[in-house]
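Hello,

Here is the structure I promised to pass on to you.

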Amino acid sequence: MNSLLATLQPYPFERLKELFASVTPNSAYRPISLGIGEPRHATPQLVLDALAGATRELSSYPPTAGSSALREACASWVQRRYGAGVDPATQILPVNGTREALFAFAQAIVNGRTPDATVICPNPFYQIYEGAALLAGATPYFVPSDPSRNFNINWDGVRPSTWNNTQLVYVCSPGNPTGAVMPMADWERLFELSARHNFVIASDECYSEIYFRDERPLGGLEAALKVGLRDFKNFVLFTSLSKRSNVPGMRSGFVAGDANILKQFLLYRTYHGCAMSGMVQAGSIAAWNDEAHVAANRELYRKKFAAVTPMLAAVLDVRLPDAGFYLWAAVPDGDDERFARDLFAHYNVTVLPGSYLARSAEGANPGAGRIRMALVAETEECAEAARRIVDFVKGTRR
Ligand SMILES: Cc1ncc(COP(=O)(O)O)c(C=O)c1O
């Protein structure tokens, strides 16, 4: 066996299952889960129609680079969304959701035979980054999100000796679980460091279309153009339809950026065998070409967050994030595991302990004392969960 497999950590939901194993939830309440971040709004009809109209695609092998029609649809979306012109022939690749791509990317980029090969991950973070780094033979290095910087990362907190060993940096903006959007000044600093230390930036932006303020979240491609990085050297964007278009089961996204890197990534993917089904490509073209369903979806989240956030803010340290569909709240006594377990026991509401989404680094776990709540269910169900959380914190029963 590949001995690196033994270095993988249990997934947060496995840990949650273990935490709840000995608990019997209060059956007076029906179960509500704010645990898993899986979109639950309806899939748009136009995507379903496009999929249904493309069954003939199943009779042939799709090319790993996708069809030119799909790559053009992605490039047009990048132009409209970020004002960035990318060449659909060389600067776009379809992927089967960002999860597989974020993982595969490290396998293609990282040279694990280099001593002290390092991959930088935000902390808390999406667990795939860590597994990708470990299986690529690198050591993940965790940099904490900083509550005093709107949960953004202070890149200057990383030592020069660490940067020297760094081959890849994962950025997650808007962040899961924090909802933070990385500001221009932080992008500028990261691009400077990338130029100096020659590392690649993998920018996971799969929550970019769910935001709560008028300004759209700044994207990495936009930031690269602002610093004059016209060829997007050492930068690759990862984006997805899962959250934007409520199709987590379709498995569709794309990467865009540095043409030299994408050429190598395409080579890797050809061997890995992860071409996107032609049927999914047809559904994806329809989705990327339409913004009306995205605006309607965003509006649903806005109304939901406007209803639920103030209820929770009355009893928890929590506020409306920049973007995404999570609330990242501090719990009153600082024990996130106990909070999640007792809430489940007394009120049958599932939330995820923040410490499960982060690693202890330099003596601290930046997820400790926090919980993540995914507001993916309908507003009334989320509001009911919030009412129960209020009662739980206040120690009252309804
Ligand atoms: C931060 C982050 N990145 C990537 C993904 C993967 O999404 P998908 O593979 O559906 O694009 C998720 C899914 O929850 C996520 O939270």
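**The ligand and its surroundings**

The ligand sits in the largest pocket. Please keep in mind as you read that this is a predicted model.

Which elements give two or more residues to the shell around the ligand? They are α4 (98-109) and α9 (241-244). Of these, α4 gives the most, with 3 residues.

In total, 15 residues surround the ligand, and the closest are Thr98, Asp204, Ser242, Lys243 and Arg251. If you sort the shell by residue type, you get 6 nonpolar, 5 polar and 4 charged residues.

- Arg251 has a polar side-chain atom 2.6 Å from an oxygen atom of the ligand.
- Tyr207 has a side-chain N or O atom 2.7 Å from a ligand oxygen.
- Ser240 also places a side-chain N or O atom 2.7 Å from an oxygen atom of the ligand.

How much of the ligand does the protein bury? On its own the ligand exposes 400 Å², and the protein buries 92% of that.

**Backbone details**

Two cis peptide bonds come with a proline. Asn123 and Pro124 are joined by a cis bond with omega of about 5°, and Pro124 has its place in the loop between β3 (118-123) and α5 (128-135). The bond from Ser173 to Pro174 is cis as well, with omega near -5°. You will find Pro174 in the loop between β6 (166-172) and α7 (184-197).

Then there are residues other than glycine with a positive phi. For Asn234, phi is near 60°; this residue lies in the loop between α8 (220-226) and β8 (235-240). Glu362 is not a glycine either, and its phi is positive at about 50°. Its location is the loop between β12 (352-353) and β13 (370-374).

Are these residues buried or exposed? Asn234 counts as buried because its relative accessible area is 10%, under the 20% cut-off. Glu362, with a relative accessible area of 64%, is exposed, since that value is over 50%.

If you open the model yourself, I would begin with the ligand and Arg251, then move to the loops that hold Pro124 and Pro174.

Best wishes

Conventions
Residues are numbered from 1 along each chain as its sequence is written. This is a predicted model: local features need pLDDT of at least 70, side-chain atom pairs count only at pLDDT 80 or more; totals for chains, interfaces and linings use all residues. Side-chain values use heavy atoms; hydrogens and water are left out. A residue is near a molecule or strand if one of its heavy atoms lies within 4 Å of it. A polar contact is a pair of N or O atoms within 3.5 Å; within protein, one must be able to donate a hydrogen and the other to accept it, and residues adjacent in sequence count only if both atoms are side-chain atoms. Accessible areas come from the Shrake-Rupley method with a 1.4 Å probe; for residues, only the protein chains shown count as cover. On a 1 Å grid over the protein atoms alone, a cavity is a set of points where a 1.4 Å probe fits but cannot get out, and a pocket is an open set with protein on both sides within 12 Å along at least five of seven lines; lining residues have an atom within 4 Å of a point. A molecule sits in a cavity or pocket if more than half of its atoms lie within 2 Å of its grid points. Helices (H or I, at least four residues) and strands (E, at least two) are DSSP runs, numbered from the N terminus. Ala, Val, Leu, Ile, Met, Phe, Trp, Tyr, Cys and Pro count as nonpolar, Asp, Glu, Lys and Arg as charged, and the others, Gly among them, as polar. Buried means under 20% relative accessible area, exposed over 50%, partly exposed in between (1.4 Å probe, protein chains only).
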